[in-house]
Amino acid sequence: MHQIIYAVVEAPTEDDALASGNAVFDRLVGADPEAAAVFDYYVTFDDESSTVAGKARWGELPVVAPVDSTDGEELVARGWTATKQEFERNLDQVRTAVNEFSTDEFMHDKELARHACYNLGAYRGPSLFLYDEFGGAIRHREQLDRVLDADEQMWIIPADVHY
């Protein structure tokens, strides 16, 4: 499965932002020996070589954009909307399971109810779409606002990930 995730990083230049974004994505695929992989691989939108990911799958997206630009605001909105929708989908699934399933059905993961619980508590992975410069997922709106309110220029970098 593929999805687009976004790194939101602080950097003085576009090139520095792209390098920081790649470092975030490297952590998320386990290229950093201190970080466990949550995705199999990533492709950024400056990669012309892939025939199955990045531009080839999703079309044109900015490679990197200042968060206060039109493109940047759109990418932040897309990432936050996806995060919120996925959270609400999992929360609805858990609420249904709690109200309708027996303990045994819940324990046996009927309709992936336990998996939905896992997704609600996740700190990284496919249920989260925005990541800070340290590779931590941005899990709620106040956290996103804090990241965006940094002292230096903030950038957003999209990447297609496979999991």
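## Basis and fold

Helices (H or I, at least four residues) and strands (E, at least two) are DSSP runs, numbered from the N terminus. This is a predicted model, in which local features need pLDDT of at least 70 and side-chain atom pairs count only at pLDDT 80 or more, while totals for chains, interfaces and linings use all residues. Residues are numbered from 1 along each chain as its sequence is written, and side-chain values use heavy atoms, with hydrogens and water left out.

The protein has 6 helices and 5 strands. Read from the N terminus, their order is β-α-β-α-β-α-α-α-β-α-β.

## Dimensions

Along the principal axes, the C-alpha atoms occupy a box of roughly 55 × 35 × 30 Å.

## Nonpolar cores

A nonpolar core is a set of buried Ala, Val, Leu, Ile, Met, Phe, Trp, Tyr and Cys residues joined through side-chain atoms within 4.5 Å; buried means under 20% relative accessible area with a 1.4 Å probe, protein chains only. By that cut-off, 42% of the 163 residues are buried.

The largest core holds 20 residues, of which Phe 25, Tyr 131 and Ile 157 touch the most other members. Strand S1 (2–10), helix H1 (14–28) and strand S5 (154–162) each contribute at least two residues to this core, and H1 gives the most, with 5. A second, separate core of 16 residues includes Val 8, Leu 61, Trp 80 and Ile 138.

Terms used: Buried < 20%, exposed > 50% of the residue type's maximum accessible area, 1.4 Å probe, protein only.
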